[in-house]
Amino acid sequence: MNPVSSRSGHLGAVMRLTALDEQISRQQQQISTARRVTRPADDPVAFARAATIRRVQAAGDADGRAIQAAERRLASTDVALDGINNILLRARDLALQGATGTVNAQDRALLAREVAELRAAALGLAETRDADGRPLFGGSQSSGPAYAPDANGVPVWQGSGQPPAVQAGGSQIAAGITGPEAFGDDDALAERESLFTSLSALETALTEPDPVLRGEAMATRLTRLDGHVDRLATARATVGARGARLEAETERLATTRLDQSRALSALEDLDMPEAIARMQRLLTVLEAAQASFARVSALSLWDQLR
């Protein structure tokens with residue numbers, strides 16, 4: 001046998017055995033991870049498509065986290081508005097009691113004191129903050145109080161702009177509501193006076209000694225309180241509607257995420273029965289190749305010894 005041909009055949013056999021060993025090693029890795037594609041060489045088209053899907057997934061996950069944070073902020077806003085609404089209804093009950101002619105000055109003073117406590121409680125709820133420390137009713141304001149007392153001690157809105165918004169369903173949805181929208185803003189129109197001004201005025205009206213002036217003031221205060229009840233109902237409806245839109249967007253993102261996961265599975269996951277069968281075929285081929293290599297090597301050695 002030609003020594004050159006012998007060496008060439010030997011080298012070719014070694015290369016075939018090495019290639020088979022690499023295929024088997026790769027197949028074992030795929031079986032152990034249950035994934036068909038983990039690198040570009042496995043399937044360039046599938047790998048590129050999977051990378052694109054993962055980028056879209058990452059963007060969707062970021063949107064989902066932002067929407068969840070906005071949903072929590074809206075939920076906290078609704079809780080605060082509900083608490084202030086209860087305070088307002090209690091203040092209205094006190095106003096009705098104080099408007100009757102059977103309540104004496106001492107009792108009205110007690111009612112006025114409770115109104116002052118209710119105003120402080122309402123202000124505390126108006127200063128509620130989200131998980132990031134931003135005032136819920138401060139609009140775009142990220143720090144500082146939503147309200148601060150003016151020269152007369154009446155809380156005045158310190159915020160600006162609109163609440164932070166998130167992208168959902170192709171539009172921006174505000175994650176909250178401003179203080180003036182919920183509680184009034186003390187502009188030139190008396191009908192727009194803030195809830196805090198109304199409560200302060202109710203406290204003053206209850207302690208008015210002149211029955212005629214007190215009666216006129218109490219009638220005005222009840223009208224203002226009814227207006228605030230309506231305003232808070234509108235604010236809560238707005239917050240609820242925004243929360244419902246975000247919830248619908250969360251459900252859409254979840255459905256999209258599921259579809260993306262299925263697409264990735266179709267691209268990357270391994271057909272286990274087929275992979276095991278291929279593994280068995282490769283082992284059979286390797287065993288035959290090794291046996292053939294051993295026989296050829298033995299013959300080559302014998303030829304050299306002759």
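Asp 226 and Arg 92 form a salt bridge, with their closest N and O atoms 2.5 Å apart. The pair joins distant parts of the chain: Asp 226 sits in helix 6 and Arg 92 in helix 2, 134 residues apart. Asp 226 is partly exposed at 30% relative accessibility. Arg 92 is partly exposed as well, at 26%. The model is predicted.

The count of salt bridges comes to twelve. Among them is the pair Arg 257 and Asp 61, whose closest N and O atoms lie 3.0 Å apart.

| Residue | Relative accessibility | Class |
|---|---|---|
| Arg 257 | 32% | partly exposed |
| Asp 61 | 27% | partly exposed |
| Glu 114 | 27% | partly exposed |
| Arg 90 | 32% | partly exposed |

Salt bridges also link Arg 73, Asp 130, Asp 132 and Arg 134 into a network.

Now to Gln 260. This residue is part of helix 6 (residues 211–268). Is Gln 260 buried or exposed? Gln 260 counts as buried because its relative accessibility is 13%, and the cut-off for buried is under 20%. Neighbours within four places in sequence aside, Gln 260 is in contact with Ile 53, Val 56 and Gln 57.

Notes. Residues are numbered from 1 along each chain as its sequence is written. This is a predicted model: local features need pLDDT of at least 70, side-chain atom pairs count only at pLDDT 80 or more; totals for chains, interfaces and linings use all residues. Side-chain values use heavy atoms; hydrogens and water are left out. Helices (H or I, at least four residues) and strands (E, at least two) are DSSP runs, numbered from the N terminus. Buried means under 20% relative accessible area, exposed over 50%, partly exposed in between (1.4 Å probe, protein chains only). Contact means heavy atoms within 4.5 Å. A salt bridge is a side-chain nitrogen of Lys or Arg within 4 Å of a carboxyl oxygen of Asp or Glu.
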